[in-house]
Amino acid sequence: MKLSRPVSLFLLAFGVWSLAIWTTFVKNLFQDVSGLAFDASGDPTGYFWVHLTLAITSLGLGIAIGIIGLRGLRAALREPRE
C-alpha cells in the first residue's frame with residue numbers, strides 16, 4: 001500500500017501532536033493537587049489509574065501512527081513526483 005505525501009504528512013503531524021499533548025497530560029496528572037489523582041495520604045486514586053492508562057495507550061497509538069506517516073513520507077520522497 002502506498003500513502004500519498006499529504007496523507008503521510010498528516011499522519012506524521014498527528015503523531016507529533018499526540019506525543020506533545022499526552023506527555024503534557026501525564027506530567028500534569030502527576031503534579032495534580034486538586035485531589036482527583038491522589039487521595040489525602042498521597043496514594044493514587046482510580047481517576048489516576050484510568051487516566052494514566054488512557055494516556056499510555058494514546059501515546060502508543062500516536063507514536064505508531066507517526067511512524068507509519070514517517071515511513072510513508074520517506075517512501076514518497078524516494079519516488080519521483082508525477
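So, what percentage of the 82 residues of the protein chain count as buried? The figure is 27%, where buried means under 20% relative accessible area, exposed over 50%, and partly exposed in between, with a 1.4 Å probe and protein chains only.

Quick housekeeping. This is a predicted model, where local features need pLDDT of at least 70 and side-chain atom pairs count only at pLDDT 80 or more, while totals for chains, interfaces and linings use all residues. Residues are numbered from 1 along each chain as its sequence is written, and side-chain values use heavy atoms, leaving out hydrogens and water.

Okay, the overall picture. The protein chain has two helices and zero strands; those are DSSP runs, H or I of at least four residues for helices and E of at least two for strands, numbered from the N terminus. The radius of gyration is 18 Å, well over the 12 Å from the globule rule for 82 residues, so the chain is more spread out than a compact globule. That radius is taken over C-alpha atoms, and the rule is 2.2 Å times the number of residues to the power 0.38. Along the principal axes, the C-alpha atoms fill a box of roughly 65 × 20 × 10 Å.

Now the rings. We've got five aromatic pairs, meaning Phe, Tyr or Trp rings (six-membered for Trp) with centres within 6.5 Å; planes under 30 degrees apart are stacked, over 60 edge-to-face, the rest tilted. One of them is Phe14 with Trp17, tilted, at 5.9 Å and 40°. Both sit in helix 1, three residues apart. Then there's Phe48 with Trp49, edge-to-face at 5.0 Å and 80°. Phe48 is buried at 2%, whereas Trp49 is partly exposed at 47%.
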